[in-house]
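Have a look at the picture, then read on.

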Amino acid sequence: MSNVIFSQKLYDTAQMVVDGCMGDADPACQTACPMHTDVKQYVRLTGEGNYQEALDLIRGKLFLPQTLGRICAHPCEAACRRNTEFNQPISVAGIKRFVAEKMDKQSNWDLTVANDSGKKIAIVGAGPAGAQAAIELRRSGHQVTIYEKLNVYGGMMRVGIPEYRLPRDVIDFEYGYLDMLGIETKFGVEIGKDISFNELRLSHDAIVLAHGAHVGSIIPLPGHKAQGVFSAVEYLKEVSETRDFPRAGKRIMVIGGGDVAMDCARSSWRIGADEVHQCSLEEMAKLPASQIEIDESLEEGVLFNAGWGPISIQETDGKVTGIVLKKVISIFDENGNFAPSYSDETRTIAVDTVIFATGQVVADITDGALEQTRGGRYVVDKDTLASSVDGVYVAGDACGGNIVVEAMALGHKAALSIERQFAKRPLTENRDFEKEYNYPSRLDIPLPKGTTDTPRLHGQLRDAEERKQDFKQVDLGFSEEQIKQEASRCLQCTCKLCMNECVMMNDFGDCPKTLFSDFINNKAMDPLLAYSCNACDQCTIVCPKDYPMKEMFLSARVDFVNANGGNSPIPGHKAINMHQKLGFSKFFTMAKRTVASK
């Protein structure tokens with residue numbers, strides 16, 4: 001019926017449902033992922049044994065499933081409902097790794113590339129940010145050339161993450177996608193040295209600077225210039241390239257509490273250390289490193305001094321002989337500023353090597369053309385990643401991405417901006433910036449009835465005393481039986497409780513938001529939708545927001561009847577009309593009549 005005038009109250013209530021219904025809300029695991037991988041679906045498919053479908057879903061977003069399955073800092077797991085409720089998240093990364101190892105074949109990779117656009121793009125750096133930008137821009141038909149200072153793919157991921165965590169053949173296999181797409185990579189070329197930044201600008205239509213933070217940071221403590229003091233960047237790079245670091249001694253102290261510090265400490269065993277110590281301002285419970293890295297470091301015998309800050313490095317004849325630590329009282333002052341305070345309690349540890357895993361710096365390759373800020377990171381527009389120089393964008397560590405999947409998201413963001421530049425459209429046009437990175441989930445629902453705390457499964461680890469002697473892979477991954485058990489722990493978080501209770505609404509849409517969006521946009525409603533409701537109210541009872549669906553459908557019925565001369569708009573309702581007429585007749589009413597006394 002096109003002539004129905006619905007009440008304003010009905011429209012207002014419908015709008016409230018459209019604005020607040022969580023039926024289309026993505027789960028927290030997906031929104032926490034900067035690349036918005038559909039975790040819930042691929043975990044479900046994996047549990048069902050549909051491994052190829054799961055992999056196809058993953059590869060639709062991520063070209064590095066095996067890599068990320070090993071080393072991703074997995075913000076999805078931190079956001080997992082089983083983590084927030086029970087501190088036992090789904091092993092999302094492990095599931096991703098399993099299906100990729102089992103099913104990924106280069107012959108199945110999508111090599112679709114659009115027609116040649118005639119545009120030339122330079123990407124500086126072959127890390128995850130540069131690679132992601134290169135892939136997306138090449139798919140759009142642009143000529144893409146990557147300039148990489150190293151002689152291998154992977155950037156800091158390659159020389160900063162030890163091979164016992166990330167085997168190099170995995171990187172080479174997955175990066176083979178770039179070659180197959182027709183992306184040219186020039187290895188061993190340093191921008192600012194072999195080719196000037198200005199020359200690069202003149203020969204390309206757009207540039208993405210994604211060369212990472214490859215300069216190590218050393219805190220200027222007393223004794224920091226002694227022989228035997230190194231940055232984590234220098235240390236891990238040489239260990240990665242040679243499986244050795246001849247300048248290191250046998251008693252090593254690693255300063256820092258993050259994953260890089262754990263990598264330095266664990267690598268130290270593998271190059272022949274006799275003792276490996278760690279110290280950090282953060283106490284054990286607040287270390288920024290991922291828990292699995294901490295646990296595996298402890299298993300391998302790293303001696304932790306968490307909550308003890310370095311005060312000075314001792315030296316004799318210019319060589320490191322020890323380090324003095326002080327017990328930390330607090331790291332920040334009352335205003336939240338970094339201002340460590342210490343007690344008088346000290347601890348001196350005899351070491352001959354000190355590794356600073358306390359941060360990395362971005363080297364300027366633009367000869368001052370771009371402004372830099374803290375840590376050497378370039379100043380860019382946070383939404384578009386555009387720099388102050390037209391056609392130049394920055395992604396990854398060079399502007400602030402701290403983990404691999406974040407770097408990839410920034411590469412994606414830079415590619416979106418370049419596409420708009422080439423189309424001569426505003427860089428901000430038609431973009432939902434919040435959803436180009438991670439964002440809070442709107443999903444806020446109770447745990448499913450009967451949910452119990454089931455323990456998280458872990459991959460098969462090699463024995464600690466055996467593995468610390470070599471660079472072979474530590475985590476051997478899940479078995480097929482384990483992977484199905486782990487996938488079954490997923491709660492498949494969604495808010496369609498009303499749809500589970502009501503058979504009728506499923507005939508018209510997938511959630512109330514869909515139903516009432518159509519109503520608001522079209523100013524019309526299928527009469528069957530309103531008249532199919534049996535007014536049981538179960539949908540409202542289970543709705544976390546108590547939306548009054550029954551009242552809305554009954555209100556719509558009144559408007560339909562008013563527009564149809566007092567009759568139901570549904571064919572076949574004549575008997576109901578007669579029933580209503582008879583039901584209100586004085587001959588059939590059951591109500592008592594009060595007769596006024598004379």
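1. Start inside the largest cavity: 14 residues line it, and those nearest its centre are Cys21, Cys495, Cys498, Cys543 and Pro544. (A cavity here is a set of points on a 1 Å grid over the protein atoms alone where a 1.4 Å probe fits but cannot get out; lining residues have an atom within 4 Å of a point.) Sorted by class, that lining comes to 10 nonpolar, two polar and two charged residues. For the classes, Ala, Val, Leu, Ile, Met, Phe, Trp, Tyr, Cys and Pro are nonpolar, Asp, Glu, Lys and Arg are charged, and the others, Gly among them, are polar.

2. Before going further: this is a predicted model, where local features need pLDDT of at least 70 and side-chain atom pairs count only at pLDDT 80 or more, while totals for chains, interfaces and linings use all residues. Residues are numbered from 1 along each chain as its sequence is written, and side-chain values use heavy atoms, with hydrogens and water left out.

3. How many cavities of 30 Å³ or more does the structure hold? There are three. Around the second largest cavity sit 13 residues, with Cys33, Thr37, Leu62, Cys76 and Lys96 nearest its centre.

4. Now the overall layout. The chain splits into domain 1 (8–22 + 495–584), domain 2 (28–108 + 445–489), domain 3 (120–213 + 362–423) and domain 4 (236–359), with bounds from an automatic or database domain assignment. Between the C-alpha centres of domain 2 and domain 4 the distance is 30 Å. Seven residues from domain 2 and nine residues from domain 4 make the contact (heavy atoms within 4.5 Å).

5. Domain 2 and domain 4 bury about 970 Å² between them, 57% of it from carbon and sulfur atoms. (Buried area is the accessible area, 1.4 Å probe, that two parts lose on being put together, summed over both.) On the domain 2 side, Arg467, Lys468 and Phe471 supply 63% of the area buried against domain 4, more than any other three residues.

6. Two salt bridges cross the interface of domain 2 and domain 4 (a side-chain nitrogen of Lys or Arg within 4 Å of a carboxyl oxygen of Asp or Glu). Arg467 also pairs with Glu299 in a salt bridge, at 2.8 Å from N to O.

How values were computed
1 Å grid on protein atoms, 1.4 Å probe; cavity = no way out; pocket = protein on both sides within 12 Å on 5 of 7 lines; lining within 4 Å. Points joined across faces, edges and corners; volume = space filled by probe spheres on them.
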